[in-house]
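Colleague: Please show me the model, and then let us go through it question by question.

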Amino acid sequence: MLEATAALAKKVRLTPETRLLALNAPEDYLATWRAAGFVVSLAPISESDTYGAVHIFVRDQAEAQAALTSAMAALQPGGVFWMMWPKK
């Protein structure tokens, strides 16, 4: 695993065994995790799918509110949730 990816994984509390759901993620974000051996899903959220980590990318408050309920429903108990938005 690249040093920068390892540092980011530690910060966001990911291990290669963690199932990660990334919603609205940019392609380079997905490519970074996949190249490091992480399993990243973009699959539609169903009631039976749960993940050890959920990362959502939003541009504004409306997008955050729209995604929050389904993202939290997909998160396993004790899982890690991150919401990212662009810096202004």
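**Fold and overall dimensions**

Modeller: The chain has 3 helices and 4 strands, where helices (H or I, at least four residues) and strands (E, at least two) are DSSP runs numbered from the N terminus. This is a predicted model, in which local features need pLDDT of at least 70 and side-chain atom pairs count only at pLDDT 80 or more, while totals for chains, interfaces and linings use all residues. Residues are numbered from 1 along each chain as its sequence is written, and side-chain values use heavy atoms, with hydrogens and water left out.

Colleague: What pattern does the chain follow when read along the sequence?

Modeller: The elements include α1 at residues 3-11 and β1 at 19-23, and α3 covers residues 61-74. Read along the sequence, the chain follows the pattern α-β-α-β-β-α-β.

Colleague: Why can the chain be called as compact as a globular protein of its length?

Modeller: The C-alpha atoms fill a box of roughly 35 × 35 × 20 Å along the principal axes. The globule rule, 2.2 Å times the number of residues to the power 0.38, is set against a radius of gyration taken over C-alpha atoms. For 88 residues the rule gives 12 Å, and the chain is as compact as a globular protein of that length because its radius of gyration is close to that value, at 13 Å.

Colleague: What percentage of the residues of the chain count as buried?

Modeller: Buried means under 20% relative accessible area, exposed over 50%, and partly exposed in between, with a 1.4 Å probe and protein chains only. Of the 88 residues of the chain, the share that counts as buried is 36%.

Colleague: Among contacts between residues at least 6 apart in sequence, what percentage join residues at least 24 apart?

Modeller: A contact here means heavy atoms within 4.5 Å. Among the contacts in the chain between residues at least 6 apart in sequence, the share joining residues at least 24 apart is 63%.

**Helix α2**

Colleague: Within what arc do the buried residues of α2 fall?

Modeller: The buried residues in α2 are Y29, L30 and W33. Seen down the axis of α2, they line one face of the helix because they fall within an arc, taken from the directions from the helix axis to the C-beta atoms, of 95 degrees. An α-helix has 3.6 residues a turn, so residues three or four places apart point the same way. On the other side of α2, E27, D28 and A35 are exposed, whereas the buried face spans an arc of 95 degrees.

Colleague: Where does R13 lie, given its positive phi in a residue other than glycine?

Modeller: R13 has a phi near 60 degrees, and its side of the model is open, since R13 is exposed with a relative accessible area of 57%. The place of R13 is in the loop between α1 and β1.

Colleague: Is N24, which has a positive phi although it is not a glycine, buried or exposed?

Modeller: N24 lies in the loop between β1 and α2 (27-35), and its phi is about 60 degrees. With a relative accessible area of 58%, N24 is exposed.

Colleague: Which residues does T18 touch, not counting residues up to four places away in sequence?

Modeller: T18 lies in the loop between α1 and β1, and at 14% relative accessibility it counts as buried. Leaving aside residues up to four places away in sequence, T18 touches V39, G52 and A53.

Colleague: Which residues does P86 touch, not counting residues up to four places away in sequence?

Modeller: P86 is found in the segment after β4 and is partly exposed, with a relative accessible area of 45%. Its C-alpha atom and that of S48, 38 residues apart along the chain, are separated by 31 Å. Not counting residues up to four places away in sequence, P86 touches V58 and R59.
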